[in-house]
Amino acid sequence: MTKDVPQVDVSSSVLDASKVMNQRKANGVAVFQEGKPVGMLTERALLRRFIKLNKKPEEVKVREVMAPLLKIGADASVKEAAKKILENGVTRLGVFDGDELVGWVTVTDIARDSSKQGLVDALRGQSQAGTEDELLCPACRSGVMKKVTGSGGRVLRWECPNCMHQE
């Protein structure tokens, strides 16, 4: 979880919010109204919601393009967070202790939490074929990852022939 979440007010312009994101080297900001979190503005929202307006960033208020901030409790597990992120097609969740935003958890946070071997083990558990050589692709979820080995049979990587994703 990232604890020090950048914040802006709903009345801020997209330009001001983008400046905060750049200054903080963050790819999103929590959006507040009267001291309460009401949404988020992320790079993804800028691409999907702001760009299509064809307006200058100083002319658009954050409230016009922000995305909802989905909540999860501070005591939730990484597995619960990952499930909620996947089910809702979002890149992050607000972590709340009661009504207070205490941080957020992102896809990147979850990936950092998982070791490379843990990911391979998880993929093996999802394998439709059930063999060591076939794993369901986590990117496209339709391809079967193939093991690429080097000399001596050492696994170099896993590769999806459908989307070319590599692990």
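In this predicted model, Glu159 has a relative accessibility of 19% and therefore counts as buried, since the limit for a buried residue is under 20% relative accessible area. The side chain of Glu159 meets that of Arg157 in a salt bridge, with a distance of 3.1 Å from N to O. Arg157, for its part, has a relative accessibility of 28% and so counts as partly exposed.

This pair belongs to a set of three salt bridges held by the structure. In general terms, side chains of opposite charge can pair when their charged atoms come close. A further salt bridge joins Glu87 to Lys83, and here the closest N and O atoms are 3.8 Å apart. Because Glu87 and Lys83 lie four residues apart in helix α4, which spans residues 78-88, about one helical turn separates them. Both Glu87 and Lys83 are exposed.

Another salt bridge is formed between Arg24 and Asp4, whose closest N and O atoms are 2.9 Å apart. With a relative accessible area of 56%, Asp4 is exposed, while Arg24, at 38% relative accessibility, counts as partly exposed.

Helix α1 itself comprises residues 14-24, and within this helix Val14, Ala17, Ser18 and Met21 are buried. These residues cover an arc of only 100° around the axis, which means that they are on the same side of α1. The elements that cover the buried residues of α1 include the strands β1 (7-9), β2 (28-33) and β3 (36-42), together with the helices α2 (43-50) and α3 (62-65). Just after α1, the residue Lys25 takes a positive phi of about 55°.

The strands named above also form a sheet, which is open, consists of three strands in the order β1-β2-β3, and has mixed pairing. Its edge strands are β1 and β3, each of which pairs on one side only, and the twist from one strand to the next averages 35°. As a general point, the strands of a sheet pair through backbone hydrogen bonds, either parallel or antiparallel. In the present case, β1 and β2 pair in the parallel sense over three bridges, and Asp9 has Phe32 in β2 as its bridge partner. Helix α1 lies across β1, β2 and β3, and runs at about 130° to β2.

Elsewhere in the chain, Ser142 is located in the loop between β7 (134-136) and β8 (144-149). At 51% relative accessibility, Ser142 counts as exposed, because the limit for this class is over 50%. When residues up to four places away in sequence are not counted, Ser142 touches Leu136 and Asn162. The C-alpha atoms of Ser142 and Cys163 are separated by 9.1 Å, although these two residues are 21 residues apart along the chain.

Note on methods
Residues are numbered from 1 along each chain as its sequence is written. This is a predicted model: local features need pLDDT of at least 70, side-chain atom pairs count only at pLDDT 80 or more; totals for chains, interfaces and linings use all residues. Side-chain values use heavy atoms; hydrogens and water are left out. Buried means under 20% relative accessible area, exposed over 50%, partly exposed in between (1.4 Å probe, protein chains only). Helices (H or I, at least four residues) and strands (E, at least two) are DSSP runs, numbered from the N terminus. The arc is that of the directions from the helix axis to the C-beta atoms. Contact means heavy atoms within 4.5 Å. A salt bridge is a side-chain nitrogen of Lys or Arg within 4 Å of a carboxyl oxygen of Asp or Glu. Two strands pair if DSSP finds at least two bridges between them. Axes are lines fitted to C-alpha atoms, for helices over the stretch in contact, and angles run from 0 to 180 degrees between N-to-C directions.
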